[in-house]
Amino acid sequence: VQVDAPCIAEVGFNRPINPMKVFFFYDSKFVPLRDYMVASMEASQPASAFQLQEDILDDLKGNNRAGGGMPTYLYKSAKICKALDEVDKDEVFLFTDVDVQYFQPIHQIVEDCMVNGTDIIFQKEFEDIGVNIGFMAMRNTSACRGFWDYVHAEISRTQALDQRVVNNSLYSGHACGEFGLRWDRWPSKIWASSMAFSGPLPEAIAVHYANF
């Protein structure tokens with residue numbers, strides 16, 4: 001039984017999204033991944049279609065090979081809040097990790113997913129359930145800002161994994177009930193490695209997020 005977003009948007013959206021801002025961050029150890037991601041982006045669509053908004057840090061002091069850990073969780077949630085401050089009201093933008101490879105143009109997929117006023121589109125963790133925050137599109141709304149302020153505060157308070165905080169809020173109905181957050185998950189053509197455990201590989205992958 002598929003379990004998906006319990007609170008889906010219903011408001012129309014017609015605002016042009018080109019060029020689209022893409023926010024991401026990385027430390028010195030992940031420069032090669034950053035370069036590979038940007039090269040794949042530019043190879044799959046015009047470079048002028050994006051505005052890169054990147055932070056390079058000396059050392060995030062990640063505690064595992066994937067660069068995770070509490071410093072990363074807190075920086076990421078704070079960076080998302082900062083990104084929301086830096087874009088126009090209702091503007092749609094991408095927020096991604098750097099272990100991402102683009103194979104197809106992404107703009108039409110984003111527009112199709114956000115057309116009904118969705119606040120955030122999350123990466124699928126598995127085909128049937130779960131979100132991953134490694135590749136997201138979001139809209140600058142009060143609901144989106146309220147949600148990420150909560151996530152940052154909750155990570156700080158509990159020292160919990162950022163994705164656990166996000167999934168708990170979404171699937172419990174808290175995000176929808178408390179903030180009115182309208183969320184959904186990408187179609188499977190935006191593919192994460194973790195999805196290999198729960199479904200077949202799509203025929204035409206548009207984006208690969210290498211979360212495993």
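Author: Buried means under 20% relative accessible area, exposed over 50%, and partly exposed in between, with a 1.4 Å probe and protein chains only. Strands (E, at least two residues) and helices (H or I, at least four) are DSSP runs numbered from the N terminus. This is a predicted model, where local features need pLDDT of at least 70, side-chain atom pairs count only at pLDDT 80 or more, and totals for chains, interfaces and linings use all residues. Residues are numbered from 1 along each chain as its sequence is written, and side-chain values use heavy atoms, with hydrogens and water left out.

Reader: How many of the five residues of strand E3 are buried?

Author: Val 92, Leu 94 and Thr 96 are buried on one side of E3, and Phe 93 and Phe 95 on the other. E3 (residues 92–96) is largely enclosed by the rest of the structure, because the buried residues number five of the five.

Reader: In which order do the six strands of the open sheet stand?

Author: Two strands pair if DSSP finds at least two bridges between them. The edge strands are E2 (50–57) and E7 (183–185), each pairing on one side only. The pairing is mixed, and the order is E2-E1-E3-E6-E5-E7.

Reader: Do E3 and strand E6 run parallel or antiparallel?

Author: Phe 93 stands opposite Met 138 in E6. Five bridges join E3 to E6 (residues 131–139), and the two run antiparallel.

Reader: Which residue in E3 is the bridge partner of Phe 23?

Author: Two bridges join strand E1 (residues 20–27) to E3, and these strands run parallel. The partner of Phe 23 is Phe 95.

Reader: At about what angle to E6 does helix H3 run?

Author: Axes are lines fitted to C-alpha atoms, for helices over the stretch in contact (heavy atoms within 4.5 Å). Angles run from 0 to 180 degrees between N-to-C directions. H3 (residues 107–114) lies across E1, E2, E3, E5 (120–124) and E6, and its angle to E6 is about 80°.

Reader: How far from Asp 162 is the nearest side chain of opposite charge?

Author: Asp 162 lies in helix H5 (residues 162–171). Asp 162 is buried yet has no salt bridge, a side-chain nitrogen of Lys or Arg within 4 Å of a carboxyl oxygen of Asp or Glu. Lys and Arg count as positive, Asp and Glu as negative; His and the chain ends are not counted. The nearest opposite charge is Lys 76, at 5.1 Å.

Reader: Which residue in E9 does Ile 190 stand opposite?

Author: Three bridges join E8 to strand E9 (residues 207–209), and the two run parallel. Opposite Ile 190 stands Val 207.
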